[in-house]
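Q: Hey, can you walk me through this one? I'm new to reading structures.

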Amino acid sequence: RDKIFDCRAAANETILLYGMPAKQLLSIIANGPNERFSGSTSGTAFGDGVYLAEDAGKCDQYSTLDCSNDVQPELHKRLYASIKHPGAVFYMLVCRCALGYAVRTQRGGQHAVSMDT
């Protein structure tokens, strides 16, 4: 078994999936997901942030079809240098995430106080 999937309970780590439009993949690979662009293609139901999921079906809703070598030549040069582009691809990243620990509050900002203590 690959150690990359051995998540640490002390850091509340888990494996999550990230779906994105094909045109954003190269930037995300180079720079990571960016919460400043949250909602630019799908909205922000839970506020600004990077949205990840356990369910591939949910991530698939945010992925777009990459069907041509002509549309994204730089991405295809890097991903398909030694193999032929398969013709119809949806991209999804598998991410090892440190979630930290959730705190429930009734107010945000500097007046936030845990409801559980």
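Q: Is Ala-9 buried or exposed?
A: Ala-9 is exposed, at 67% relative accessible area. Exposed means over 50%, buried under 20%, and partly exposed in between, using a 1.4 Å probe and protein chains only. One caution: this is a predicted model, where local features need pLDDT of at least 70, side-chain atom pairs count only at pLDDT 80 or more, and totals for chains, interfaces and linings use all residues. Residues are numbered from 1 along each chain as its sequence is written, and side-chain values use heavy atoms, with hydrogens and water left out.

Q: Where does Ala-9 sit in the chain?
A: Ala-9 is in the segment before strand 1. Strands are DSSP runs of E with at least two residues, helices are runs of H or I with at least four, and both are numbered from the N terminus.

Q: How far is Ala-9 from Gly-100 in space?
A: Their C-alphas are 10.0 Å apart, although 91 residues separate them in sequence.

Q: OK, new topic. What order do the elements come in?
A: Starting at the N terminus, they go β-α-α-α-β. That's three helices and two strands.

Q: And where is His-85?
A: His-85 is in the loop between helix 3 (73–79) and strand 2 (92–98). His-85 counts as buried because its relative accessible area is 7%.

Q: What about Asn-12, how exposed is that?
A: Asn-12 is partly exposed, since its relative accessibility is 28%. Its phi is near 50°, a positive value in a residue other than glycine.

Q: And how much of the chain is buried?
A: Of its 117 residues, 22% count as buried.
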